[in-house]
Amino acid sequence: MLGTVATVSVAEELTVYTAVEAEDLKKYAKNFNEDYPDIKINWVRDSTGIITAKLLAEKNNPQADVVWGLAATSLMLLKEEGMLEGYSPVGVEKLDSKFRDADNPTTWTGMDAWVASVCFNTVEAEKAGLPMPTSWKDLTKPVYKNQVIMPNPNSSGTGFLDVSSWLQLFGEEEGWKYMDALHENIARYTHSGSKPCKLAAAGEIPIGISFAFRGAKSKAKGAPLEIIVPSEGVGWDMEATAIIKGTKKLEAAKKLVDWSVTRKANEMYNEGYAVVAYPGVAKPVKYFPENIADAMIDNDFGWAASNRKRILAEWQKRYDSKSEAK
């Protein structure tokens, strides 16, 4: 009897940090466990900025084994800090080259792209007499005073891709001038990238600066939204995956990262994201703006990662007075 008990296998547990939308985590674990039932995922989930700050704070005493679903710009920052394990997952060469670290071995691999957009509640806008904006600069017009919500870039990866893309699109001097003008119309800054769109979908604000995936999801549930792709172009980032250096569960971590780049995993990502890392997988996502891929800017991820700390400090100094309480 004792011998029988001793041979019972215990599932290996991985602590996985993520910024993936909370409602998708069960699906991610379920699909992974279909192929690896003996590895249990313990999720630690929060918005991008908070997860990034947590990882940096734990640099000398890492608590995570794997990061699965965090902005590539955040992982590039962790790479600069020497916090990522060099590991090229099985099949990584099949991914679009834009979706993987150029080093060999790789330290991070991309999953999908999330893209900035504006969620516009047509019912609430009509009540308020608001025209539909077509550009980022439209949102600085006086008619939109207190009618716009956007994410705080210190806590939200969506907020950071907005800010870093505006600085690239308009140049640094004009980019900050643009944000000064936009700030006049902001009702408040949220600590979540999806929340502005959720609030617009619920009719609590006419305009939410968010990302297209969230807008498409809300519209599919019947929200009276138009998902606007501003004419100047839109920022974007990749959700990406990496192993944290120093994990005591390296073999299990490798299995998860191997699985994360498979066709099966990318088909799962495509259920919500129209742009994924594995070529030939992506199918149109209902209500996702058809022209959005053409509007994605040539994002300099290296510049964004290297200047992240400076950009966030400047933003905080200028605009944090309108942020929600944490």
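I looked up what covers the buried residues of helix α7, and the cover includes β5 (148-151), α6 (157-170), β6 (186-190), β7 (207-211) and α14 (308-319). I note that this model is predicted.

**Helix α7**

I checked the extent of α7 next: the helix runs over residues 172-185, which makes 14 residues. From the first C-alpha to the last I read 20 Å, close to the 20 Å expected at 1.5 Å a residue.

Then I listed which residues of α7 are buried, taking buried as under 20% relative accessible area. They are Gly175, Trp176, Tyr178, Met179, Leu182, His183 and Asn185. I looked down the axis of α7 and found these buried residues within an arc of 155°, so they line one face of the helix.

**Strand β7**

I turned to β7, one of the elements in the cover of α7. Of the 5 residues in β7, 5 are buried, so I wrote the strand down as mostly covered, by the under 20% cut-off. I recalled that side chains in a regular strand alternate between the two faces of the sheet. On one side of β7 I found Ile207, Ile209 and Phe211, and on the other Gly208 and Ser210. Both faces are covered, as all of these residues are buried.

**Partners of β7**

Which strands pair with β7, and in which sense? I found β4 (residues 109-121) paired with β7 in the antiparallel sense, over 5 bridges. I found β5 paired with β7 in the parallel sense, over 2 bridges. Here Val148 has Ile207 of β7 as its bridge partner.

Note on methods: Residues are numbered from 1 along each chain as its sequence is written. This is a predicted model: local features need pLDDT of at least 70, side-chain atom pairs count only at pLDDT 80 or more; totals for chains, interfaces and linings use all residues. Side-chain values use heavy atoms; hydrogens and water are left out. Helices (H or I, at least four residues) and strands (E, at least two) are DSSP runs, numbered from the N terminus. The expected span of a helix is 1.5 Å times one less than its number of residues. Buried means under 20% relative accessible area, exposed over 50%, partly exposed in between (1.4 Å probe, protein chains only). The arc is that of the directions from the helix axis to the C-beta atoms. Contact means heavy atoms within 4.5 Å. Two strands pair if DSSP finds at least two bridges between them.
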